[in-house]
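Visitor: I am new to this structure. Please show me how to read it.

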Amino acid sequence: MNLKIKREASSESKSKSFIFIERKLDKKRLSEKEINEIIKDIVNNSLPEAEISLFVLAMYKYGMNMKETIYLTKAILNSGDKLKLENKLIVDKHSIGGIAGNRTTPIVVSICAAAGLIMPKTSSRAITSAAGTADVIETIAKVNFPVSELRKIIKKTNACMVWGGALGLVPADSKIIKVEKILKIDPEAQLLASIMSKKLAVGSKYILIDIPYGKSAKVTKLKALKLKKKFEYLGRYFKRKLRVILTDGKEPIGNGIGPSLELTDVINILDPEKQGPRDLEKKSLFIAGKLFELTKKAENGLDLAEKILYSGKAYDKFRQIIKAQNGSFKKIKLARLKYDILSKKSGKIIEIDNKKINSLVRMAGSPLDKSSGIYLYFHVGDKIKKREKILTIYSESKFRLKEAIKFYNKEKPIKIK
């Protein structure tokens, strides 16, 4: 990636922030004052999107050390309001993303809130994946609330599942994420600062970070281990009880990928009378269990998580949260057009590429078209017969459906041997 830029303009005509961004492009380290100036100008709309893009590219190309990452976290945190809640058991979880499906958050929030933990979950929209938690919940409920309204929802239900970008808690982060979406990159320093600033802004005292790793995940196992150390360092610096888990990200999690389809998986797991994808259920229970142990709510967190889920209490809590967020389950629908992809041979599924699956789902119209996406019938290790359905593509547009089919046939995101 070539980051050379023309520097014909005189230094007098450049903003201070742009001069600091140039310093980062020259591989220099930025001071706290310099990073504060950049973030302040981003929030005040004093920095054009093109210059924000250069800042994101510079972070991506040349990185930031831990001092710079802490400065960035503080600057983003101090760029907006804070959600002040008077409770000792405020918990949060976050995945670094990149895995198709993987919609653990609504399940974990419902289990934890049903047990009495306070979980003000602010989520982002999709950056590199096919859908974010905010995109999924927005299928049936409102995700934009003022902070005053949010406090009422949390007081009533112990939790919320909202879009962080609408709250004014970390406005700098939302503007940087907007640029990241266009560039389709997520610099490590920004990823760390973004996640930590959001957790600090809602007053989380116990934080669990999920880092999925794998061939087609955002990070390899080696990178995941390095990232784990950095998160733990930030946890100690900001005096939070923080635990990092490394999880298998070699393939999508769950069956549905795309807002409505992922939401259907979530409901099928929460509702004791239905059966949802086992892999998504297992991971959600594991995360909820770890949060129970972190908060000392239970010695064996998994047992408590299973008890709450299988009793139906988590489903009751989920419905209560959705109702508090002006939601209705009647809004769930799938796209009017669909196409089944059939296996051309019998064999075993040996690989499902996350990045290609995410691209396929986006091509079908997700996350803007909430009803678009794909449904996976098989996972890695499963045996499949010739002419069995591998997946179904859902789309609201004939053109998008054709493009998605074309993409699948060309890129072959699922390998059978």
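Visitor: In which sense do strand 1 and strand 4 pair, and over how many bridges?

Guide: First, some background. This is a predicted model, where local features need pLDDT of at least 70 and side-chain atom pairs count only at pLDDT 80 or more, while totals for chains, interfaces and linings use all residues. Residues are numbered from 1 along each chain as its sequence is written, and side-chain values use heavy atoms, with hydrogens and water left out. Helices (H or I, at least four residues) and strands (E, at least two) are DSSP runs, numbered from the N terminus. Two strands pair if DSSP finds at least two bridges between them. Here, strand 1 and strand 4 (residues 206-213) pair in the parallel sense, over five bridges. One example is K93, whose bridge partner in strand 4 is L208.

Visitor: What is the order of the strands in the sheet?

Guide: The order is 1-4-5, in an open sheet of three strands with parallel pairing. Strand 1 (91-95) and strand 5 (241-248) are at the edges; each has a single partner strand, so one side of each lacks a neighbour in the sheet. Neighbouring strands are turned by 15 degrees against each other on average, direction ignored. Axes are lines fitted to C-alpha atoms, for helices over the stretch in contact, and angles run from 0 to 180 degrees between N-to-C directions.

Visitor: Which helix lies across these strands?

Guide: Helix 12 (residues 278-294) lies across strand 1, strand 4 and strand 5. It runs at about 145 degrees to strand 4.

Visitor: How are two packed helices described?

Guide: By the angle between their axes and the distance between the axes. Take helix 2 (residues 32-43) and helix 4 (residues 66-77): the angle is about 40 degrees, and the axes are 9 Å apart. Angles under 35 degrees count as roughly parallel, over 145 as roughly antiparallel, 65 to 115 as roughly perpendicular and the rest as oblique. Helix 2 and helix 4 are therefore oblique to each other.

Visitor: Which residues of helix 11 and helix 14 meet?

Guide: Contact means heavy atoms within 4.5 Å. L263, V266, I267 and L270 in helix 11 meet A314, Y315 and F318 in helix 14. By class, that contact has seven nonpolar, no polar and no charged residues. Ala, Val, Leu, Ile, Met, Phe, Trp, Tyr, Cys and Pro count as nonpolar, Asp, Glu, Lys and Arg as charged, and the others, Gly among them, as polar.

Visitor: How many helices and strands does the protein chain have?

Guide: The protein chain has 16 helices and 12 strands. Its C-alpha trace spans about 65 × 50 × 40 Å along the principal axes.
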